[in-house]
Amino acid sequence: MGYWDLQEGRDCVEKTWITAKLGTALGLVGSAYHIVAFQPDSALAALQRATSTTVTMATMGAIFGMATCLTAQAREAPDDPVNYFIGGCASGIFLGARTHSAMTGTSACLGLGTLAFFTKVGKMEGWKLAGPPKL
């Protein structure tokens, strides 16, 4: 069962688990590219870099999943895209705290929140980014 198959505002633990797994996968892929592009001095440095990136992305995914679900429950508006903005913003704030930068946190909050908001709106309205051409 996928993320979009679960009802909004319910099964918060399962939604959080799914988003954490997705964040972990993105962190692993991103850290692999980073290690190839910027060769570390030792295997230990590569392992530290990969672990740090992967754990950060997994945590951001978990924060997004839990914040989105709990916001939907608290606001009693499960299909409101604002819940997704709040979840994305919470993930961005974590990134700012992780990097010790208020500017990073603010811009990541706005960027990730807006991306999540429009992802939910697009899902609700049936937007397609790619697909077969209309003939």
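**Helix packing and pockets**

The buried residues of α3 pack against α1, α2 and α4. Buried means under 20% relative accessible area, exposed over 50%, and partly exposed in between, with a 1.4 Å probe and protein chains only. Contact means heavy atoms within 4.5 Å. Helices (H or I, at least four residues) and strands (E, at least two) are DSSP runs, numbered from the N terminus.

This is a predicted model, in which local features need pLDDT of at least 70 and side-chain atom pairs count only at pLDDT 80 or more, while totals for chains, interfaces and linings use all residues. Residues are numbered from 1 along each chain as its sequence is written, and side-chain values use heavy atoms, with hydrogens and water left out.

The protein chain has 4 helices and 0 strands. From the N terminus the order is α-α-α-α. The C-alpha atoms fill a box of roughly 50 × 45 × 30 Å along the principal axes. Of the 135 residues, 34% count as buried. Take the contacts between residues at least 6 apart in sequence: 60% of them join residues at least 24 apart.

Return to α3. This helix has 19 residues and reaches 27 Å from its first C-alpha to its last, close to the 27 Å expected at 1.5 Å a residue. The expected span is 1.5 Å times one less than the number of residues. The buried residues of α3 are Pro81, Asn83, Tyr84, Gly87, Gly88, Cys89, Ser91, Gly92 and Gly96. Just after α3, His100 takes a positive phi of about 60°.

Now α1. Ser31 sits in this helix. Ser31 counts as buried because its relative accessible area is 2%. Leaving aside neighbours within four places in sequence, Ser31 is in contact with Ala50, Thr53 and Thr54. Thr54 is 23 residues from Ser31 in sequence, yet their C-alpha atoms are 7.0 Å apart.

Is a lysine in α4, Lys120, buried or exposed? Lys120 counts as buried because its relative accessibility is 5%. Its contacts, not counting residues up to four places away in sequence, are Trp4, Glu8, Asp79, Pro81 and Tyr84. With Glu8 there is also a polar contact, side chain to side chain, at 3.5 Å. A polar contact is a pair of N or O atoms within 3.5 Å; within protein, one must be able to donate a hydrogen and the other to accept it, and residues adjacent in sequence count only if both atoms are side-chain atoms.

Of its 18 lining residues, the closest to the centre are Thr19, Leu22, Leu26, Gly61 and Phe64. The elements that give two or more residues to this lining are α1 (12-37), α2 (43-75), α3 (81-99) and α4 (102-125). The largest share, 5 residues, comes from α1. By class, the lining has 12 nonpolar, 6 polar and no charged residues.

The second largest pocket has a volume of about 220 Å³. Trp4, Leu115, Phe118, Thr119, Gly122, Lys123, Trp127, Lys128 and Leu129 line it. They divide into 5 nonpolar, 2 polar and 2 charged. Ala, Val, Leu, Ile, Met, Phe, Trp, Tyr, Cys and Pro count as nonpolar, Asp, Glu, Lys and Arg as charged, and the others, Gly among them, as polar.

On a 1 Å grid over the protein atoms alone, a pocket is an open set of points with protein on both sides within 12 Å along at least five of seven lines; lining residues have an atom within 4 Å of a point. Points are joined across faces, edges and corners, and a volume is the space filled by probe spheres set on them.

Methods
On a 1 Å grid over the protein atoms alone, a cavity is a set of points where a 1.4 Å probe fits but cannot get out, and a pocket is an open set with protein on both sides within 12 Å along at least five of seven lines; lining residues have an atom within 4 Å of a point.
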